[in-house]
Amino acid sequence: MKVYVLNGPNLGRLGTRQTDIYGLTSYADLAEMCVRVGKENGLDVEVRQTDAEHEMIGWLHAAADERAAVVLNPAAWTHYSIAVRDACAMLNGPLIEVHLSNIHTREEFRHHSVVSAVATGVIAGLGVDGYRLALLHLAAR
Ligand code: DQA
């Protein structure tokens, strides 16, 4: 099964970005972990990050065409991008929305996700382990 692990804006800065909230794991280490967990569980995992909304939407369109599964951390787009949500709604495979932090315990503007209503499932607050669990779930489906 092909799985795209797609990451939105500022997630390329993991490891140095607000480490009290997002942890010390670097983006490179997160990407490597996802590929490794995928391999161990029979998934073909490709990990990407972008700060450009149009690029993310293009990746979601391609995932829809391939009927691939998607693990998505939409980062700040979570809270306001109807364009990202609309692209997610077109997916033909499962979509797992992942957040490193528990968005519900943070500022009020982070409590709502415009993506969750079109996601298969949502994981928040488990740090990078959320990505591992999302992949294990996809492998088990
Ligand atoms: C995040 C939470 C968002 O509110 C924030 O804008 C991010 C990361 C998370 O993984 O906890 O960039 O999606």
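First, the ground rules. This is a predicted model, in which local features need pLDDT of at least 70 and side-chain atom pairs count only at pLDDT 80 or more, while totals for chains, interfaces and linings use all residues. Residues are numbered from 1 along each chain as its sequence is written, and side-chain values use heavy atoms, with hydrogens and water left out.

So where does the ligand sit? It is in the largest pocket, where sitting there means that more than half of its atoms lie within 2 Å of the pocket's grid points. A pocket here is an open set of points on a 1 Å grid over the protein atoms alone, where a 1.4 Å probe fits, with protein on both sides within 12 Å along at least five of seven lines; lining residues have an atom within 4 Å of a point.

The lining comprises 16 residues, and Arg-17, Tyr-22, Ala-75, Ala-76 and Arg-110 lie nearest the centre.

Now the ligand itself. Its neighbours, with a heavy atom within 4 Å, are Arg-17, Tyr-22, Asn-73, Ala-75, Ala-76, His-79, His-99, Leu-100, Ser-101, Ile-103 and Arg-110.

The side chain of Asn-73 has a polar atom 2.8 Å from a ligand oxygen. For His-79, a side-chain N or O atom is 2.7 Å from one, and for Ala-76 a polar backbone atom is 3.2 Å away. Taken alone, the ligand exposes 320 Å², and the protein buries 98% of that; those areas come from the Shrake-Rupley method with a 1.4 Å probe.

Finally, the record. In an unreviewed entry, UniProt puts "active site" at Tyr-22 and His-99. They are spread over 78 residues of sequence yet cluster in space, with a largest C-alpha distance of 9.4 Å. Both Tyr-22 and His-99 belong to the lining of the largest pocket.

The "binding site" annotation, also from an unreviewed entry, covers Asn-73, His-79, Asp-86, Leu-100, Ser-101 and Arg-110. These are spread in space, up to 23.6 Å between C-alpha atoms. From this set, the pocket lining takes in Asn-73, His-79, Leu-100, Ser-101 and Arg-110. Do remember that such annotations may be inferred rather than shown by experiment.

Note on methods
Polar contact = N/O pair within 3.5 Å; in protein donor to acceptor, adjacent residues only side chain to side chain.
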